[in-house]
Amino acid sequence: MRDIDKVIGALRSPTRREILGLIWSEELRAGDIAGAFDLTKPTISQHLSVLRHAGLVKMTAAGTSRRYIARQEALRGLHAALEGSLKWSPADQIHERLRAEARTTPVVVVAVEVETDQVTTYAALTDAEIYSRWLGAPVTIKDGRFAATMEWGTEVRGTYEVMCPPRLLAMRWDFDDDNVPLPGRELVAYLRIDPTPAGGSRVEVHQLVDNTSEAAFMEAAWGLVLGRLQAGVVAASDAASPMPKRRRRPKYRASA
């Protein structure tokens, strides 16, 4: 069935459904069809035209006479199409689902817009030299594995599990730090780089978390990283542009 909407529209009229019943198994002249209804011949002619365009009736011309008969195979095709549209069962009716353990994990989303284009921005997240320049901390990337040491001593390491330039990075990572969440458990994040109308890029991180305290930490951590990306990616992507180095400092400032 080429156009299901057209067929359904044609069948919406009770008169057209009656016409189909009348000519379901018998070919009749247009005048005979009109004579069976308390409607004008032009009105019946219009109904027949709609049924023809929907592929539901076949017309045979003999001189000035027009004869019509229903295309039963077209309606069988409609039934098959409607049956096919219901082939997916609701998930709660599939007994196999009970074999699997399912849970919903919250996600922290952090995003910035940068002035560099999509390709340049992707490179800034995958080229160790450029990454080090805008982050302000030494970064190594080899065979998809990355590591960085922030100026206050936190060590970050992980693996780019999926790299789809210039748009997507999927990563597993963890860190060595005395803050929460506890280190030693791999975290999962997805980075999307999409072009903006102005010629720049929007970088959006989706970080999976387990609880609200972890979410608060990740909002701050990714906010710091993407904030540095936004502030420094233009200069970092230009090898001739000098980048100030961040001096090592204690993680916590001494209280006054």
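## Starting with a word: contact

Before we look around, here is one term to keep in mind: two residues are in contact when heavy atoms of theirs lie within 4.5 Å. The buried residues of H7 pack against helix H6 (118–126), S5, S6, S7 and helix H8 (212–236). Keep in mind that this is a predicted model.

## The whole chain

Let's zoom out for a moment. The protein chain has 256 residues, and 35% of them count as buried.

Strands of a sheet pair through backbone hydrogen bonds, either parallel or antiparallel. Here, 3 strands make an open sheet in the order S1-S3-S2, with antiparallel pairing. Strand S1 (28–29) and strand S2 (57–62) are the edge strands, and each pairs on one side only.

S2 and strand S3 (residues 65–70) are joined in the antiparallel sense over 6 bridges. Ala 62 has Ser 65 of S3 as its bridge partner, while Val 57 stands opposite Ala 70 in S3. The hairpin of S2 and S3 has 2 residues between the strands, and Gly 63 takes a positive phi there, near 70°.

## Two helices by that sheet

Helix H4 (residues 41–53) lies across S2 and S3, and runs at about 115° to S2. H4 also packs with helix H2 (residues 14–22): the angle is about 80° and the axes are 10 Å apart. That angle is why H2 counts as roughly perpendicular to H4. On the H2 side, the contact is made by Thr 15, Arg 16, Ile 19 and Leu 20, and on the H4 side by Ile 44, His 47, Leu 48, Val 50 and Leu 51. Sorted by class, these residues are 6 nonpolar, 2 polar and 1 charged.

Gly 21 is also part of helix H2. Is Gly 21 buried or exposed? Its relative accessibility is 54%, so Gly 21 counts as exposed, because the cut-off for exposed is over 50%. Gly 21 and Ala 70 are 49 residues apart in sequence, yet their C-alpha atoms are 8.2 Å apart in space.

## The sheet of seven strands

Now for the other sheet. In this one, 7 strands form an open sheet in the order S4-S10-S9-S8-S7-S6-S5, and the pairing is antiparallel. Strand S4 (107–114) and S5 sit at the edges with a single partner strand each, so one side of each has no neighbour in the sheet. On average, neighbouring strands of this sheet are turned by 20° against each other, direction ignored.

Strand S9 (residues 187–195) and strand S10 (residues 201–208) pair in the antiparallel sense over 7 bridges. Leu 191 has Val 205 of S10 as its bridge partner. Helix H8 lies across S4, S8, S9 and S10, at about 10° to S4.

## Back to H7

H7 lies across S5, S6 and S7, and runs at about 160° to S5. How many residues of helix H7 (residues 128–135) are buried? The count is 6 of its 8 residues, so the helix is mostly covered, with buried meaning under 20% relative accessible area. The buried residues are Ala 128, Ile 130, Tyr 131, Arg 133, Trp 134 and Leu 135.

H6 and H7 have axes that come within 6 Å and cross at roughly 90°, so the two helices are roughly perpendicular to each other. Ala 123, Ala 124, Leu 125 and Thr 126 of H6 meet Ala 128, Ile 130, Tyr 131 and Trp 134 of H7 in this contact. By class, the contact has 7 nonpolar, 1 polar and no charged residues.

Most residues other than glycine have a negative phi, and most peptide bonds are trans. Asp 143 has a positive phi, near 55°. Asp 143 sits in the loop between strand S5 (139–142) and strand S6 (145–149), and with 75% relative accessibility it counts as exposed.

The peptide bond from Pro 165 to Pro 166 is cis, with omega near 0°. You can find Pro 166 in the loop between strand S7 (155–164) and strand S8 (168–176).

Notes:
Residues numbered from 1 in each chain as written. Predicted model: local features only at pLDDT ≥ 70, side-chain atom pairs only at ≥ 80, totals over all residues. Heavy atoms only, no water. Pairing = 2+ DSSP bridges. Helix = DSSP H or I, 4+ residues; strand = E, 2+ residues; numbered from the N terminus. Axes fitted to C-alpha atoms, helices over the stretch in contact; angles between N-to-C directions. Parallel < 35°, antiparallel > 145°, perpendicular 65-115°, else oblique. Nonpolar A, V, L, I, M, F, W, Y, C, P; charged D, E, K, R; others polar. Buried < 20%, exposed > 50% of the residue type's maximum accessible area, 1.4 Å probe, protein only.
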